[in-house]
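Student: I would like to go through this model with you and test each label against its number. Shall we start?

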Amino acid sequence: MNQRIFAGFLIVGVVMFAIAPVYIARAPYESTMGLIQKIFYFHVPAWFVMFSAVFISGIFSAVYLFKQKPVADRIAFAAAEIAVLFGVIGLITGPLWARKSWGVWWQWDARLTMALILEMIFCAYLLLRRYGGPGSDKLAAGLALFGLANVPFVYISVNVWRTIHPATSVVPQLAASAPGMFGPFVWCTISFFVLFFVMLMTRIRLEEQRAEVERLHLIVEKG
Amino acid sequence: MRNFFRVAWLVMRKDLKVESRSWEMVSTTLFFSVSCVLVFSFAFVREGRPIEGAAAGILWIAVAFSGTLALGPTFERERYHDALRGLLLAPVERSAIFAGKLLGIVLLMTLVEFVVVLLVALLFQAPFIANVLWIGALLILGNFGFAAVGTLFAAMLVRTRSRAVLLPILLYPIVLPALIAGVMGTLAVIQTEPNFDLARFWMSLLLFFDVIFATLALWTFEPVMTE
Amino acid sequence: MTQRLALVVMVGLLVNTAAILVLGSEQPPAQEEFIPIDQLPPEDQLPAAPLLITAYAIVWIVVFVYLWSIWRRLLVVEREVSELSRRADGDEESRS
């Protein structure tokens with residue numbers, strides 16, 4: 001990937017991220033939750049990115065399992081690591097918000113439980129890649145497929161069960177119900193996705209370089 | 001299609017025959033689950049009265065732990081004398097081998113659970129026997145889902161480093177939804193005023209997970225075992 | 001084989017949907033302990049600002065620590081690549 005284009009994306013992402021708090025501060029308050037609701041602008045985009053990363057990891061894992069293309073495995077690994085990262089962000093910002101608005105740090109309702117399980121599946125993926133030794137790439141790909149199957153559950157869980165967590169209808173209706181919030185929300189979502197793209201590309205490059213190191217080791221040892 | 005079931009049956013019969021020589025897996029798994037339940041009874045029974053609803057959770061924890069223990073030897077045995085290679089070289093569908101192994105595990109877990117259910121019912125004064133059909137149905141469905149994912153991962157890990165510790169790490173996050181459904185269904189049945197509609201809900205959710213797990217497991221077994 | 005699996009999945013899902021709709025209409029009870037924030041007595045109300053600031057700080061820290069970590073790992077690996085390719089080229093020259 002062209003260095004300059006890449007650097008461009010990085011700068012755009014960081015700048016957007018830096019400006020975001022200004023827009024967020026200017027956004028209107030939510031009537032029942034007040035100030036703490038502003039965590040929403042980072043919490044929801046973080047989970048959007050996490051689901052996207054899981055999606056990418058799962059799809060490319062399937063490609064790797066059935067088409068054996070090494071590049072697919074590199075993408076799947078990179079996406080899995082980023083999924084764990086943004087999952088951590090979501091799982092920390094969520095309880096910080098919950099402590100104020102629900103009064104408890106954590107609830108074992110459907111959405112939170114399934115989200116935690118999803119995060120754990122991808123933590124297990126990283127552990128497997130790190131400690132599993134040779135052959136763990138195919139195994140991890142299988143694991144990522146199960147993780148992918150989990151995502152729809154996490155998403156619809158708030159609609160199927162009556163839980164304390166807000167339903168999925170909040171975001172699609174945001175433009176109509178609270179236009180002052182919609183702008184900052186879109187801004188934050190875009191900046192998160194730009195950063196996601198930058199991280200993903202960098203991480204994939206790291207995997208490519210590692211593969212290159214292995215290839216060169218073989219050449220050097222043979223010679 | 002008939003061939004598929006025939007092969008699965010043969011694989012399961014082979015495993016049963018091997019097991020019947022030593023009864024190693026049955027006895028060790030049984031003993032382990034009994035010790036598990038005893039430890040929990042020390043923790044959760046105060047002055048002869050168990051904590052409300054503890055029985056449901058403990059039953060399923062015992063199932064999860066003993067199931068994990070039983071999964072290891074299933075493929076570990078095949079590592080000796082290249083038995084696994086022989087199995088994979090056979091001109092049969094890989095998924096049939098998987099199904100045979102899966103049925104063997106489900107059978108083993110069900111056998112062990114006969115004892116565990118009785119023990120938990122006794123120690124925790126839970127009305128399992130009165131609702132034996134409900135509990136049995138939930139357990140069989142839970143066993144199947146657990147074993148489907150477990151057999152897949154046990155097979156995948158057979159040649160991996162640190163496989164003993166990696167199996168639970170990989171297995172538990174995935175089967176957790178099924179275990180939760182099992183616990184909630186059991187709770188709905190054994191609580192002071194049983195709610196059978198709720199139990200039916202959790203049971204259909206469990207069945208749903210089973211279908212997804214089994215499908216994914218059958219689908220991924222082939223490419224993963226091609227090594 | 002895939003077709004068979006697809007069939008199994010379809011049948012299974014249809015059976016399940018039917019089962020859930022027809023039989024299991026009962027849902028777990030909704031959360032009852034939720035009290036809207038303005039009905040709580042003032043002593044129970046937490047200040048929101050520290051939580052909000054912590055949340056934003058965590059996001060920034062996590063993102064930038066990760067970016068830094070990839071960058072560092074990339075530097076190490078790229079150094080290794082250039083060293084190894086030098087050795088590989090050197091071997092090639094000495095052989096030819």
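Predicted model: local features only at pLDDT ≥ 70, side-chain atom pairs only at ≥ 80, totals over all residues.

Student: How do you know how confident the predictor is in chain B?

Tutor: The mean pLDDT of chain B is 88, and 99% of its residues score at least 70. Among the elements of chain B, strand β1 (residues 45-46) has the lowest mean, 76. Helix α6 (residues 132-157) of chain B has the highest, 92.

Student: And what are the values for chain A and chain C?

Tutor: Chain A averages 87, with 98% of the residues at 70 or more. Within chain A, helix α6 (residues 174-177) is lowest at a mean of 78, and α2(A) is highest at 94. For the model, ipTM is 0.84 and pTM is 0.85.

Student: What makes up the secondary structure of chain B?

Tutor: Chain B has 8 helices and 2 strands. From the N terminus the order is α-α-β-β-α-α-α-α-α-α.

Student: Why is chain B called as compact as a globular protein of its length?

Tutor: Set its radius of gyration against the globule rule. The rule gives 17 Å for 227 residues, and chain B has 18 Å. Of its residues, 52% count as buried.

Student: What share of the contacts in chain B joins residues 24 or more positions apart?

Tutor: Such pairs account for 82% of the contacts with a separation of 6 or more.

Student: How do you know that the length of helix α5 of chain B fits a helix?

Tutor: Helix α5(B) covers residues 94-124, which is 31 residues. At 1.5 Å a residue it should span 45 Å. The end C-alpha atoms are 43 Å apart, so the span agrees.

Student: Where does α5(B) bend?

Tutor: At B:E113, by about 30°. That angle is taken between axes fitted to the seven residues ending there and the seven starting there.

Student: Why is α5(B) called mostly covered?

Tutor: Count its buried residues: 22 of 31. Just after the helix, B:Q125 takes a positive phi of about 50°.

Student: Why is A:D109 called partly exposed?

Tutor: A:D109 has 19 neighbours inside 10 Å. Buried needs 20 or more, and exposed needs 12 or fewer. The count lies in between, so A:D109 is partly exposed. A:D109 is in the loop between α3 and α4 (110-131) of chain A. Its C-alpha atom is 27 Å from that of A:F192, 83 residues apart along the chain.

Student: Why does A:A141 count as buried?

Tutor: With 28 C-beta neighbours inside 10 Å, A:A141 meets the cut-off of 20, so it counts as buried. The residue lies in helix α5 (residues 136-160) of chain A. Leaving out residues up to four places away in sequence, A:A141 touches A:S61, A:Y64, A:L65, A:D73 and A:A76.

Student: How do you know that α2 of chain C has the span of a helix?

Tutor: Its 48 residues, 48-95, should span 70 Å at 1.5 Å a residue. The end C-alpha atoms are 70 Å apart, so the value agrees.

Student: Which residues of α2(C) are buried, and what do they pack against?

Tutor: The buried ones are C:A48, C:L51, C:L52, C:A55, C:V59, C:V63 and C:Y66. They pack against α2 (40-67), α3 (70-101) and α7 (179-222) of chain A.

Student: How many residues take part in the contact between chains C and A?

Tutor: Chain C gives 34 residues and chain A gives 39. The chain C side divides into 24 nonpolar, 4 polar and 6 charged residues.

Conventions. Residues numbered from 1 in each chain as written. Chains lettered and ligands numbered in written order. Helix = DSSP H or I, 4+ residues; strand = E, 2+ residues; numbered from the N terminus. Expected span 1.5 Å × (residues − 1). Rg over C-alpha atoms; globule rule 2.2 N^0.38 Å. Contact = placed C-beta atoms within 7 Å. Nonpolar A, V, L, I, M, F, W, Y, C, P; charged D, E, K, R; others polar. pLDDT = per-residue confidence, 0-100.
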